[in-house]
Amino acid sequence: MATTGNLFVVSAPSGAGKTTLVNMLLERDPQVRLSVSCTTRAPRAGEQNGREYNFVDIAAFAAMRERGDFLEWAEVHGNFYGTSREWLAGQLNAGHDVLLEIDWQGARQVRRIFPDAVTIFILPPSLAELERRLRGRGQDADDVIQSRIAAALGEMRHVGEFDFAIMNNDLQVALADLAAVARSARLRMASQRACQPELFRFLELKD
Ligand code: 5GP
């Protein structure tokens with residue numbers, strides 16, 4: 001699929017601070033648009049339909065999947081998640097950069113379809129810190145926390161499939177790192193060529 005916008009894929013285990021980091025990037029970089037996924041999981045307190053996710057039931061998700069509406073989809077922690085194919089293609093074709101906040105399974109599917117996608121994995125500073133963050137979320141039972149840690153480790157084992165790894169030790173440093181990745185992606189030749197077609201056509205004329 002020929003596109004003009006850059007596609008960024010950001011994955012992380014829960015507790016790595018991915019959503020905070022992504023929201024900070026979106027705030028300072030209006031060129032990047034966030035894809036809102038469909039999910040069958042129930043909304044959490046404070047989440048709004050159409051903002052964090054499009055919340056749908058399993059039957060609706062299955063119907064969309066059968067129709068081929070999803071560019072990628074995956075089951076994560078017993079819920080289904082999917083990225084809208086049509087919205088994404090529209091944004092990229094209009095020259096916008098798009099960021100997908102999806103898990104490693106989705107990243108794998110996206111990489112196959114868009115080999116030029118820039119994939120980024122956010123890591124917590126250490127396993128001890130990750131455990132502290134996952135524990136700090138509430139008064140969950142120990143077995144719940146243990147299974148969360150196991151799930152986080154399972155996600156992190158896929159770090160090597162990504163183009164970039166960012167350690168979220170200090171939020172401001174991690175944000176600068178993420179912004180640097182976005183900026184350098186825009187300087188890639190294919191991206192510059194798409195932004196300045198006439199100049200490049202002229203410069204690349206063969207004698
Ligand atoms: P949560 O339910 O905590 O918001 O997200 C759980 C996991 O699902 C996270 O790793 C998140 O990145 C991932 N996720 C969210 N949307 C999508 C999607 O559209 N596709 C895939 N593959 N994963 C997603």
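Mentor: Start with arginine 132, which forms a salt bridge with glutamate 129 (a side-chain nitrogen of Lys or Arg within 4 Å of a carboxyl oxygen of Asp or Glu). Their closest N and O atoms are 2.9 Å apart. This is a predicted model: local features need pLDDT of at least 70, side-chain atom pairs count only at pLDDT 80 or more, and totals for chains, interfaces and linings use all residues. Residues are numbered from 1 along each chain as its sequence is written, and side-chain values use heavy atoms, with hydrogens and water left out.

Trainee: Where do arginine 132 and glutamate 129 lie?

Mentor: Both are in helix α5, residues 127–135. Helices are DSSP runs of H or I, at least four residues, numbered from the N terminus. The two partners sit three residues apart, about one turn of the helix.

Trainee: Which residue does aspartate 142 pair with?

Mentor: Aspartate 142 forms a salt bridge with arginine 135, with the closest N and O atoms 3.1 Å apart. Aspartate 142 is partly exposed at 47%. Arginine 135 is partly exposed at 31%.

Trainee: Which residues are linked in a network of salt bridges?

Mentor: Asp29, Asp97 and Arg186.

Trainee: How many salt bridges does the rule give?

Mentor: The count comes to 14.

Conventions:
Helix = DSSP H or I, 4+ residues; strand = E, 2+ residues; numbered from the N terminus. Buried < 20%, exposed > 50% of the residue type's maximum accessible area, 1.4 Å probe, protein only.
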